[in-house]
Amino acid sequence: MKRNIAVSVGLIVLVVAFMVSGCVKSIDVPGSAAIDWSLQAVDGQARVIIGFSGLPDKALVKAFGGEVYAEFGFIKALSAKIPVEAIDGLLRNPHVVYVEPNIQLHALEEQYLWGMDRIFGDESFIFPTWVTSTGVGVKVAILDTGIDPSHPDLAGRVAQGIDFTGIGSSFDDNGHGTHVSGTVAAIYSNNSGVYGVAPSASLYAVKVLDSTGSGYLDWIIAGIQWAIVSDIDIINMSLGTPSDVQSLEDACNAAFADGILIVAAAGNSGNKPGNRDTVEYPGGYASVIAAAASDSNDLRVSFSSTGPDVELIAPGVSILSSIPGDGYAYYSGTSMASPHVAGVAALVLAARPTLTNAEVRLILQQTAENLGLKQEHQGFGLVRADLAVQAASVTTPPASDTDPEPGTVTVSNISYSLSRNAKHMYVSVQLEPFVVGASVSIEVYLNSGSSPYFAGTITTDTSGVAKFTVVNAPSGTYSTVVTDVTAAGYTWDGVFPENSFEK
């Protein structure tokens, strides 16, 4: 029997097979029928405008525990502060026509976005990094609920759309995909609304989730296949599932092997202490960057999933971005963290288009800011757009007439670990001293075989570790031989420790 696995947008809690990993939301639209008054309130009191059918009744407002600020003689309304729990009762009064949030209006300029400001470090909007790179020429596929291409902050940014849900349109009928897209590439030169990390990147609306935020596994896989065929540079998947699905992993691995960088939400299944491995898939796959969520205090948000597969952390609380119908909304979730990372990747690739996806990924790791959190909470740290673009833009200095005396690098440790489902094996080669970006080659032998079961070459991370993934490793006894280490300014002593691992 064919098994259908659904994908669902988890707006508050992730509860079904596949889920968009975001978001508690409040729509920033005056008069909206679904106002979340708790988000408008301070100490349980909301600032409101109250409209009446006749003369404004100050006594009625006070009877509900409110405090009147001002009356308006030319309209039948007054402004007040009132307890949130009293609003429903006030609306039931036949003389009250409406209760609206006393919103703030601003000059027509881009709004301050704390998350964007944070990942650009000490820079201020308009960010100097944009002089070097704004993401021009980079193709980012948003595998989500679609995109509203007519939104003023996305005008001209959506290069193409395709639907895999069967409705025949890639238009966003949920809101999630447009919000994610705004964080990646909303334009900043229109002096209104919001702006994205890579405002000149090209967006591709790959609709794999329906109006409820749900979709089937084959829709997701079809979207990944389309991205490969369409020569996409970066995929953002703000969706996830606690189930490890082989076909999805195969699709992600194929996309990465084809040169696509994949970023996904780590998931919203975390707990307050963050003491369990809760990273969801596809974020949990080795071929995918799993993005956790931080708050404005540089702390992991309690809902953010944790585990060894967390690779980076990015802002994910009260993120303001675009929604369909020319609107804006605050969303929270790792769904919001993921597009921050995808946008930075687009900046890096535009700064040096010759980089491979693996090289872009390494730059993101090496330039991430250590927030002092556990590795399982932050991975390499907070993604930094300014530092990543700077690293991508550095050219190799000319060789000096006198070459320095090279140092010696050695392999200090070879260790093994398993993925959460124990299907895959990780082989970690530690160099001493710590050398970032060194090339390490290994051969892994199974049960003392005469030929290697696995062979590979990879570069070391910021801890001087090269971590290899042996996919679907069978049971048996493993040993690893280091065949080469190449590092600028160093020579390898050719020595590595004896090692073995029983799986």
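Below are worked exercises on helix packing and salt bridges in a predicted model.

**Exercise 1. Find the angle and the axis distance at which helices α7 and α8 pack, and classify the pair.**

Step 1. Locate the helices. Helix α7 covers residues 217-229, and helix α8 covers residues 246-257.

Step 2. Read the geometry. The two pack at an angle of about 10 degrees, and their axes are 10 Å apart.

Step 3. Classify. Angles under 35 degrees count as roughly parallel. Therefore α7 is roughly parallel to α8.

**Exercise 2. List the residues through which α7 and α8 meet, and sort them by class.**

Step 1. Take the α7 side. Its contact residues are Leu217, Ile220, Ile221, Ile224 and Ile228.

Step 2. Take the α8 side. Here the partners are Ser247, Leu248, Ala251, Cys252, Ala254 and Ala255.

Step 3. Recall helix geometry. An α-helix has 3.6 residues a turn, so residues three or four places apart point the same way.

Step 4. Sort. The contact of α7 with α8 holds ten nonpolar residues, one polar and no charged.

**Exercise 3. Describe how α9 and α10 cross, and name the residues in contact.**

Step 1. Get the angle. The axes of α9 (residues 334-351) and α10 come within 10 Å and cross at roughly 115 degrees.

Step 2. Get the hand. The crossing of α9 past α10 is right-handed.

Step 3. Name the residues. From α9 come Val341, Val344, Ala345, Val348 and Leu349. They meet Val360, Ile363 and Leu364 of α10.

Step 4. Sort. The contact of α9 with α10 has eight nonpolar residues, no polar and no charged.

**Exercise 4. Decide how far α10 is enclosed by the rest of the structure.**

Step 1. List the buried residues. In α10 these are Asn357, Val360, Arg361, Leu362, Ile363, Leu364 and Gln365.

Step 2. Conclude. Seven of the ten residues of α10 are buried, so α10 is largely enclosed by the rest of the structure.

**Exercise 5. Characterise the salt bridge between Lys81 and Glu67.**

Step 1. Side chains of opposite charge can pair when their charged atoms come close.

Step 2. Take the distance. The closest N and O atoms of Lys81 and Glu67 are 4.0 Å apart.

Step 3. Lys81 is in strand β7 (residues 77-83) and Glu67 in strand β6 (residues 67-72), 14 residues apart.

Step 4. Lys81 is partly exposed at 27% relative accessible area. Glu67 is also partly exposed, at 41%.

**Exercise 6. Work out which parts of the chain the bridge between Asp173 and Lys207 ties together, and whether each partner is buried or partly exposed.**

Step 1. Take the distance. The two side chains meet at 2.8 Å, N to O.

Step 2. Asp173 lies in the loop between β10 (158-163) and α6 (176-185), and Lys207 in strand β11 (residues 202-207), so the pair ties together parts 34 residues apart in sequence.

Step 3. Asp173 is partly exposed, at 36% relative accessibility. Lys207 is buried, at 0%.

**Exercise 7. Follow Arg118 from its bridge with Glu369 to a network.**

Step 1. Take the distance. The closest N and O atoms of Arg118 and Glu369 are 2.9 Å apart.

Step 2. Arg118 is in helix α4 (residues 114-119). Glu369 is in the loop between α10 (357-366) and α11 (375-378), 251 residues apart from Arg118.

Step 3. Arg118 is buried at 17% relative accessibility, while Glu369 is partly exposed at 23%.

Step 4. Extend. Salt bridges with shared partners join Arg118, Asp298, Glu369, Arg384 and Asp386 into one network.

Note on methods: Residues are numbered from 1 along each chain as its sequence is written. This is a predicted model: local features need pLDDT of at least 70, side-chain atom pairs count only at pLDDT 80 or more; totals for chains, interfaces and linings use all residues. Side-chain values use heavy atoms; hydrogens and water are left out. Axes are lines fitted to C-alpha atoms, for helices over the stretch in contact, and angles run from 0 to 180 degrees between N-to-C directions. Helices (H or I, at least four residues) and strands (E, at least two) are DSSP runs, numbered from the N terminus. Angles under 35 degrees count as roughly parallel, over 145 as roughly antiparallel, 65 to 115 as roughly perpendicular and the rest as oblique. Contact means heavy atoms within 4.5 Å. Ala, Val, Leu, Ile, Met, Phe, Trp, Tyr, Cys and Pro count as nonpolar, Asp, Glu, Lys and Arg as charged, and the others, Gly among them, as polar. Buried means under 20% relative accessible area, exposed over 50%, partly exposed in between (1.4 Å probe, protein chains only). A crossing is left-handed if the near helix is turned anticlockwise from the far one by less than a right angle, and right-handed if clockwise.
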